[in-house]
Every structure is written in structure tokens, then in C-alpha cells.
Amino acid sequence: MNQVFQGATVCLEPAREEDRELIRPLAKDPRLWEFTKTLLINDTYDQQFDLYFDEALQLPELGGQAFVIRTAGDGNVTRPGEMPLLRGTIMGMTRFFHVEWKDKRLEIGHTWYIPSVWGKVYNKECKLLLMQYVFEHLHFHRVEFRVAHQNIRSQKAVEKIGGVKEGVLRKFAIRNDGVRRDTVVFSIIDDEWPEKREKLLQLITQG
């Protein structure tokens with residue numbers, strides 16, 4: 001899965017060791033981890049981040065891939081009064097993981113963006129590029145998304161890109177701060193993909 005995905009506004013590149021120190025300060029924002037607590041912003045942040053990034057780099061050994069999300073456009077997808085982002089600016093990360101080749105399914109997740117791009121076109125095109133590869137190249141049957149039950153913003157984002165809510169896994173995980181959380185499961189399957197793809201393209205066109 002050592003693929004580069006190039007779109008009009010985003011470019012997804014496999015995570016590399018060289019990216020570690022570029023991403024470390026970007027991920028040190030408590031707003032990113034408000035609901036998941038994947039990283040706790042405290043005195044142990046650097047150790048936590050290194051474990052997090054090591055796990056990302058090891059995903060290819062498990063059949064998955066972590067990606068660094070960069071801007072691909074020329075900074076023309078901003079709101080009035082905002083500074084454009086330069087081409088190649090790192091905006092966040094995402095992953096293919098829990099890849100089951102026999103069953104032809106995988107999960108897309110561990111996705112985060114710097115807060116200044118929340119609600120913009122980038123996530124829509126990112127998901128379009130990833131799912132086009134999964135459904136049209138790998139010919140998988142299912143893509144799954146799992147979201148913390150407290151994270152209503154992310155749940156709405158998954159629904160907007162076409163995710164179908166399947167249910168809630170109650171008391172599914174314990175966050176790194178010790179709080180137990182439920183997990184909301186969404187999916188898109190191959191039968192639905194042509195229609196979902198067209199709707200995603202429309203959303204991307206609208207910006």
C-alpha cells in the first residue's frame with residue numbers, strides 16, 4: 001500500500017521517519033484529542049508522540065499504511081480573510097488499518113487535521129482518494145469508520161461523506177486518561193460506492 005494519492009487540494013504521502021519532527025508540534029494541540037485522548041498534552045507528550053508515530057510507521061508490516069496529509073492546491077480554498085496555505089503544507093494524518101485481505105475490508109481512521117482547516121474541502125477529497133483506491137483498485141467490499149461517541153463533530157463529518165451508522169459498541173474502549181468510551185461504527189460498502197462517490201464529488205465541487 002505504499003501509494004501516493006494526489007488530488008486537487010490534498011496530497012496523501014506514506015508517513016516517513018523524516019516527517020516525525022515536522023508533525024510533532026502540529027499534533028501538540030489538545031483540540032485534536034479532546035474526545036479520543038490518543039495523546040495527552042502533558043510532560044510525557046514527547047514519549048507519547050514517539051510511540052504514536054512508531055506505530056504509524058509500523059503499519060505496513062500489518063498490511064496497512066499511515067499517510068501524511070499535505071495541501072496540493074495553490075491556497076485558493078480559504079474563507080474570506082484567511083491566509084492561504086502554501087502548497088505542501090502538512091495539515092494532518094490518516095491511516096488504513098485493521099486490513100483484512102481475506103474478507104476484503106479495512107478501517108480508515110486515526111484521522112486528524114490542524115484546526116484551521118476543519119470544515120473545509122480537504123477531508124472530503126482525502127476520503128474520496130482513499131475510498132477510490134479501496135473500492136476501485138483493491139476491490140474491497142467494506143470500509144469502516146469508528147468514532148468516539150462524544151465526538152459529534154466527527155460523526156457528522158463521517159455521515160456527510162456517506163458513512164452509514166451501524167450501531168454503538170458500548171463501553172468499547174478506555175481512553176488514555178482512564179475514561180471509558182463507547183464507539184460509534186459507520187461503514188460504506190462496495191454496492192453503495194458509486195452513489196456515494198458522486199455525492200462526494202458534488203460536495204468537493206461546492207467547497
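1. A definition to begin with: the expected span of a helix is 1.5 Å times one less than its number of residues. Please keep in mind that this is a predicted model.

2. Which residues of H5 are buried? They are Trp193, Lys196, Leu200, Leu203 and Ile204. Because these residues cover an arc of only 100 degrees around the axis, they sit on the same side of H5. Their packing partners are H3, H4, E7 and E8. On the other side of H5 you will find Pro194, Glu195, Thr205 and Gln206 exposed.

3. Now for H2. This helix has 14 residues and reaches 20 Å from its first C-alpha to its last, close to the 20 Å expected. Buried here are Tyr45, Gln48, Phe49, Tyr52, Phe53 and Ala56. Their arc around the axis is only 125 degrees, so they lie on the same side of H2. The buried residues of H2 pack against helix H1 (20-27), strand E3 (65-71), E4 and E5.

4. Do have a look at the largest pocket, which holds about 1400 Å³ of space. Its lining counts 48 residues, with Thr36, Gly109, His110, Thr111 and Arg146 nearest the centre. Elements giving two or more residues to this lining include helix H2 (45-58), helix H3 (122-137) and strand E8 (180-189). E5 gives the most, with seven residues. By class, the lining has 21 nonpolar, 13 polar and 14 charged residues.

How values were computed:
Residues are numbered from 1 along each chain as its sequence is written. This is a predicted model: local features need pLDDT of at least 70, side-chain atom pairs count only at pLDDT 80 or more; totals for chains, interfaces and linings use all residues. Side-chain values use heavy atoms; hydrogens and water are left out. On a 1 Å grid over the protein atoms alone, a cavity is a set of points where a 1.4 Å probe fits but cannot get out, and a pocket is an open set with protein on both sides within 12 Å along at least five of seven lines; lining residues have an atom within 4 Å of a point. Grid points are joined across faces, edges and corners, and a volume is the space filled by probe spheres set on the points. Helices (H or I, at least four residues) and strands (E, at least two) are DSSP runs, numbered from the N terminus. Ala, Val, Leu, Ile, Met, Phe, Trp, Tyr, Cys and Pro count as nonpolar, Asp, Glu, Lys and Arg as charged, and the others, Gly among them, as polar. Buried means under 20% relative accessible area, exposed over 50%, partly exposed in between (1.4 Å probe, protein chains only). The arc is that of the directions from the helix axis to the C-beta atoms. Contact means heavy atoms within 4.5 Å.
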